[in-house]
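Please study the sequence and the structure shown below.

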Amino acid sequence: MTIRRPGMPGDLPRPETLWARWGLLAVLEATTEGEETPSVHRTGCWIDTGGLHLDDCGCTWWTLARMGEGRFVLYGEDESSDVKWHKPAIDMLAGAPDWLPHEKLRDLLEGYELGCVYWYEHGAWSRAPYPDDLDDDGLDCGMSRFADRNDVVQTLDLGEGEGDTPQTVLDRAERYELTPEALQSLVAASAHDHWDLPAMLRALHVTGLAGGGSSPDVASHGSQMA
């Protein structure tokens, strides 16, 4: 899947798929130390009560949050984004629904910390309209790592061992069938000595990737992920 510059709503995967891929990385990177670190100082992928987060401590940061049944919001910034510097100014919240976290987003806008906002409801992604001369909103550099499934597979570092392949682990995550037992088996079979299984299990619970009714709209969409 290709994300254009600037991004188009149709370039993004279904939110359940995006959540699964991003959430899997958050689970694999989870540590107790990270849980105790303020979000402003965290890097990599993680999950908390505010949603899924990505921050490379330099060029890009993003958040994907569930906002109720069938509703998601994706917002963040990549240094490639021209939106906040465009003249005349672009209203990134033009046409946005009232269920978005407007106070949070307004704070980011006022601090020139936001590059773009996308929201999902009624089965489709949307964003504010852009002028024809806008070159980039940062979506490609920020989210392309999750849009292409092969890129996600290549990113997964499971260590040397006799456990599941990255493809198999991602399959389970996208089906919302990454159970605690499967995660425990993955860790046991890996040669990695830095994994923090208790923290990984806590992150797994929050992501909902184990299924059991806690994943986002998995009952209606889980069989349609691609």
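The following questions and answers concern this predicted model.

Q: In what order do the six strands of the open sheet lie?
A: The six strands form an open sheet with antiparallel pairing. Neighbouring strands of this sheet are turned by 15° against each other on average, with direction ignored. The order of the strands is S1-S2-S3-S4-S5-S6.

Q: Which strands stand at the edges of the sheet?
A: An edge strand here has a single partner strand, so one side of it is left without a neighbour in the sheet. This applies to the strand at 44-48 and to the strand at 124-127. The edge strands are therefore S1 and S6.

Q: How many bridges join strand S3 to strand S4?
A: Strand S3 covers residues 60-66 and strand S4 covers residues 72-78, and the two run antiparallel. Within this pair, Thr60 stands opposite Asp78 in S4. The number of bridges joining S3 to S4 is seven.

Q: At about what angle to S1 does helix H1 run?
A: Helix H1 comprises residues 15-29. This helix lies across S1, S2, S3, S4, S5 and S6. Its angle to S1 is about 105°.

Q: Where is Pro6 found, and is the peptide bond from Arg5 to Pro6 cis or trans?
A: Pro6 is found in the segment before H1. Most peptide bonds are trans. The bond from Arg5 to Pro6, however, has omega near -10°, and it is cis.

Q: What is omega for the cis peptide bond that joins Lys87 and Pro88?
A: Pro88 is found in the loop between S4 and helix H3, which spans 102-110. The bond joining Lys87 and Pro88 is cis. Its omega is about 0°.

Q: Is Cys57 buried or exposed?
A: Cys57 has its place in the loop between S2 and S3. Its phi is near 60°, a positive value in a residue other than glycine. The relative accessible area of Cys57 is 61%, and a residue counts as exposed over 50%. Cys57 is therefore exposed.

Q: What is the phi of His122?
A: His122 is found in the loop between S5 and S6, and at 75% relative accessibility it counts as exposed. Most residues other than glycine have a negative phi. His122 is not a glycine, yet its phi is positive, at about 55°.

Key. Residues are numbered from 1 along each chain as its sequence is written. This is a predicted model: local features need pLDDT of at least 70, side-chain atom pairs count only at pLDDT 80 or more; totals for chains, interfaces and linings use all residues. Side-chain values use heavy atoms; hydrogens and water are left out. Two strands pair if DSSP finds at least two bridges between them. Helices (H or I, at least four residues) and strands (E, at least two) are DSSP runs, numbered from the N terminus. Axes are lines fitted to C-alpha atoms, for helices over the stretch in contact, and angles run from 0 to 180 degrees between N-to-C directions. Contact means heavy atoms within 4.5 Å. Buried means under 20% relative accessible area, exposed over 50%, partly exposed in between (1.4 Å probe, protein chains only).
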